[in-house]
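Please keep the structure in view while reading.

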Amino acid sequence: MDLQLISTIYIGIIGLLVGSFANVCVHRMPRGESVVSPRSKCPNCNTEIVWYDNIPVISWLILGRKCRCCGSPIAWRYPILELTMGAAWASIAWFYPITEYSPLFLAQAIILFTLLWTLTLIDLETFLLPNALTFPGIAIGLLFAWQSGYIIDALIGALAGYGIFWLIAWLFFKATGREGMGQGDFKLLAMLGAFMGWQALPFIIMLSSFTGAIIGSLLLLLAKKGLKAEIPYGPYLAASGMIWFFWGVEILIGYQSMVGIR
Ligand SMILES: [Zn+2]
């Protein structure tokens, strides 16, 4: 077997395990609980989950999607997060093989994806973007930027990301008297600016607000009258950030050739 295939399998398996840990983060972080201790318990009957019932995806299948003790169903989110995390880690390892890309880039891609995917699921479930993820995310992003030689762009990106959204939210509040964005969104954009530099911000802001407006109005149309469909903004920011991270250069070249700049 070649190195590309072996590293893809290994990194995919680690991704599954990290997905299992991300489930703990999604459950506990919005509640302000520690993600390290105590051991995982069934949320229904409080029985501690033994290690062989805690193997990603496999345990969920063997247990028939139910808790061993009380028989209450285990949420779909658990295997889905594990599988998507494993698949994404494996895909990154496959499409950006370690033989062609620097380990620094691979680590950066995998960590950024893991943070954004975990934040997306927390935001969808609870409308929160915990500081316990965004603050370390900003620090990690700056560390990568420092190692890769664009720390100034990243520092400007983090400050501008926070500042732009703070300003928009302030103007929105002055104009309408309502809160448009949460503080978590400011910190998430600061994290994206730290990871990718300020150059990423215009694209991320434009794409996330554009898709957010379209999907938001579609959901409003689909929803019955009187029912207020609410979707947090974080997932749009996360998806736009990931698109810029992987395809930003191509998008920029495509745009420049479209408007005729060389
Ligand atoms: Zn139980």
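## Overall size and fold

For 262 residues, a compact globule would have a radius of gyration near 18 Å; the protein has 20 Å, so the value agrees with that expectation. The model is a predicted one. Its C-alpha trace spans about 60 × 55 × 35 Å along the principal axes.

The protein has nine helices and zero strands. In sequence order the pattern reads α-α-α-α-α-α-α-α-α. Buried residues account for 32% of the 262 residues. Take the contacts with a separation of 6 or more: 70% of them join residues 24 or more positions apart.

Across the boundary, 15 residues of domain 1 are in contact with 18 residues of domain 2.

Which elements give two or more residues to the side of domain 1 that touches domain 2? They are α1 and α3 (77-95). Of the elements, α3 gives the most, with six residues. By class, this side of domain 1 has 14 nonpolar residues, no polar ones and one charged.

## The α1–α4 pair

Helix α1 also packs against helix α4 (residues 103-126): their axes come within 10 Å and cross at roughly 35°. The crossing is right-handed.

From α1, the residues in this contact are V18, A22, C25 and V26. They meet T114, T118, L121, I122 and E125 of α4. Sorted by class, the residues of this contact are six nonpolar, two polar and one charged.

## S40 in its loop

S40 sits in the loop between α1 (3-28) and α2 (58-62). Is S40 buried, exposed or partly exposed? It has 16 other C-beta atoms within 10 Å, so S40 is partly exposed.

Which residues does S40 contact, leaving aside its neighbours within four places in sequence? The contacts are V24, I49 and N54. W51 gives a further distance: S40 and W51 are 11 residues apart in sequence, and their C-alpha atoms are 9.5 Å apart in space.

Methods. Residues are numbered from 1 along each chain as its sequence is written. This is a predicted model: local features need pLDDT of at least 70, side-chain atom pairs count only at pLDDT 80 or more; totals for chains, interfaces and linings use all residues. Helices (H or I, at least four residues) and strands (E, at least two) are DSSP runs, numbered from the N terminus. A residue is buried if 20 or more other C-beta atoms lie within 10 Å of its own, exposed if 12 or fewer, and partly exposed in between; C-beta atoms are placed from the backbone. Two residues are in contact if their C-beta atoms, placed from the backbone, lie within 7 Å. Ala, Val, Leu, Ile, Met, Phe, Trp, Tyr, Cys and Pro count as nonpolar, Asp, Glu, Lys and Arg as charged, and the others, Gly among them, as polar. Axes are lines fitted to C-alpha atoms, for helices over the stretch in contact, and angles run from 0 to 180 degrees between N-to-C directions. A crossing is left-handed if the near helix is turned anticlockwise from the far one by less than a right angle, and right-handed if clockwise. The radius of gyration is taken over C-alpha atoms; the globule rule is 2.2 Å times the number of residues to the power 0.38.
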